[in-house]
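Welcome, and take your time with the view below.

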Amino acid sequence: MKRTFLLLFAACWLTTLLFNGCAVTSRLERHQYTSVVAHTPRQMRERMKADEQQDTTIYEMKGDSGSLFVANRRSMVIEDDGEAVALLRSREVSVIAKTRMLAERNGKIQIDFLITMPRELQGNVQSFTITPIMHRKEQNIELEPLQVRGGLFSKLQERNYWRYSKFQSKLVRRRKGNLSEEDTLRLKEAFHRFVQFPYLDRSRFDSILNGKEKITYFYTQDVKVEEDDKRLYISLNGRVNALDGSSYDVPPNDTLQFNISSMLTFVLPITRYMTRIVEKFAVVNDRNYLTFKVNNTKIMDSLGNNAQNLGQIRDLMHTLLYQHEFYVDSIVLTAASSPEGSFRHNNRLARERAYALSRYLKQEFDFPELDTLLTVRWEGENWTDFKREVVRDDQIEHRDEILRLAKQIADPDEREAAIRKQYGKDYRYIRDVIYPRLRVVDFKYNLRRVGMLKDTIHTTVVDTVYQRAVELLRTRHYKEASTLLMPYRDQNTAVALLSRGFNGAAREILFELPSSAQVEYLRAIVCSRLGEWKLGEQCFRKACELDDLLEYRANLDPEMSPYLHKQEKE
């Protein structure tokens, strides 16, 4: 009854307006009201990222300037503690900078910005729809729109859909569910007759207005980076529709610019001219990290980063098995475990996990010779890499003493027990940080060059494979580039792996390379991704000492923000 009364009241009110020749949106037209788009302040982005693991849909935060509605596919939270409210008041309608730098990661960027919908564009008998437009190269792409609908406007929409639904149900019953093409056309015409204001097909935010207030919306969108993408722009299209049939196209306001920064600045422009001995035989080594459940040997691609690592193993194996430059003489698969627990148990686990991976690969490839090419080996406890990692890590207080024990004590169980007992603090660090890096799967591909009779040939050539790989890397074809670059294990290989998110493999390569400003900077990035903050901080400081411009570059890389904040506090 109340709804009917409200609809009748709205109808009478609109009739009065039309009789007097006054449209609902005429005031908006006269004053040229518009919406505002602004870059998200850095403090707000950091607050969002800090809580992005929460399960959140929409949060409302009220202040003197209005309300902030935060809605996002990736979960975001702003707590109402006063500080964020003050930030909203001071920043929501001012644009400090028209441009912002975004860092590309894994072939994508994440744009975010604030859209302010002023109260003047809202009303009880109207709806306000605003659509962000992304401009890139020659493309104009509509993102998901936002909509604020007035209470009476919403109720009239509901009633119109209800009337159409009754017409549709009546026709379906009359035809007993068998609709002809003519019936379908009648339904389409009826929809346009009954429903003057259709619902949006898709929307990021749709709210029923309970009272006019300024709304600021935090909008975020993942965007795949295309070849040669350097910048993109965001503008707004807005429209107000009123129940009296009048409308108002909101005039455009600011256009935001986003510049795209990638790790491609660290690609070395190397042209390889080689005076070398071409060997008939070649070896390709590949290291990977797989995660298993405790005391379990089953290969699970849903566990940890296994899907990525298994994909890398398959890609490289496929490339080597089906390329035409080399024959594959043999493939040696070696699995190793870390030293915690008894050697006998670890040795059995390593063996069974190696054979499990071997069976998995044989099922994946339709390559009959793989059964005879693939040899399985295992290393019960990976003490070789243990010593190498301990030598590198300055965080271990009794590093020399631990290395001495590892050398002196022959029995592996007694060796680990002695380290745990005598240097408990260092052992806990080693167990948490170094042990995970010892659980590796190594592949050794023994190759023989096709058509080569002599064992060696002296020649000077341009390495066209490497040049092709670098070109693929520059054009963001990261998968193909990383596959071709793997045998070289240089800085460009590490950049390709980091761009794909293969952080463990990139770390192995970076810590094998001679120190330089860029290598130390990339080490800091990979340590940040892997949570090795102390080691990463050392690398970052060293990179800045070698090249002070890298400290400014760090502002472009989200992974470097913990190091920069620490410097600010100091």
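This is a predicted model: local features need pLDDT of at least 70, side-chain atom pairs count only at pLDDT 80 or more; totals for chains, interfaces and linings use all residues.

**A guided walk through the model**

Residues are numbered from 1 along each chain as its sequence is written, and side-chain values use heavy atoms, with hydrogens and water left out.

What does Lys479 meet? Its side chain forms a salt bridge with that of Asp315, at 3.8 Å from N to O; the term stands for a side-chain nitrogen of Lys or Arg within 4 Å of a carboxyl oxygen of Asp or Glu. This pair ties together distant parts of the chain, since Lys479 sits in helix H15 (residues 478-485) and Asp315 in helix H7 (residues 306-322), 164 residues apart. Helices (DSSP runs of H or I, at least four residues) and strands (runs of E, at least two) are numbered from the N terminus. Asp315 is buried, with a relative accessible area of 19%.

The structure holds 29 salt bridges. One of them joins Arg388 and Asp385, at 3.1 Å from N to O. These two lie three residues apart in helix H10 (residues 383-392), so about one helical turn separates them. Arg388 is partly exposed at 29%, whereas Asp385 is buried at 6%. Salt bridges with shared partners join Arg287, Asp385, Arg388, Asp442 and Glu508 into one network.

Arg448 and Asp329 form a salt bridge, with their closest N and O atoms 3.1 Å apart. Here too, distant parts of the chain are linked: Arg448 belongs to strand S18 (residues 441-449) and Asp329 to strand S16 (residues 326-336), 119 residues apart. S16 and S18 also pair with each other, antiparallel and over nine bridges; pairing requires that DSSP finds at least two bridges between two strands. Within S18, Val441 is the bridge partner of Ala335. Strand S15 (residues 281-288) runs antiparallel to S18 as well, joined to S18 by eight bridges, and Val284 stands opposite Tyr445 of S18.

Next comes helix H13 (residues 424-434), where Asp426, Tyr427, Ile430 and Ile434 are buried. They lie on the same side of H13 because they cover an arc of only 100 degrees around the axis, taken from the directions from the helix axis to the C-beta atoms. The face turned away from this buried side carries the exposed residues Lys425 and Asp432. The buried residues of H13 pack against H10, helix H11 (399-408) and helix H12 (412-422).

Finally, look inside. The largest nonpolar core has 43 residues, and Leu473, Tyr521, Leu522, Phe540 and Met560 have the most contacts inside it. Such a core is a set of buried Ala, Val, Leu, Ile, Met, Phe, Trp, Tyr and Cys residues joined through side-chain atoms within 4.5 Å. Helix H18 (517-530) is among the helices that each supply at least two residues, and H18 gives the most, with eight. A second, separate core of 31 residues includes Met117, Ile130, Ile215 and Tyr217. In soluble globular proteins, nonpolar side chains tend to be buried together.

Definitions and conventions: Buried means under 20% relative accessible area, exposed over 50%, partly exposed in between (1.4 Å probe, protein chains only). Contact means heavy atoms within 4.5 Å.
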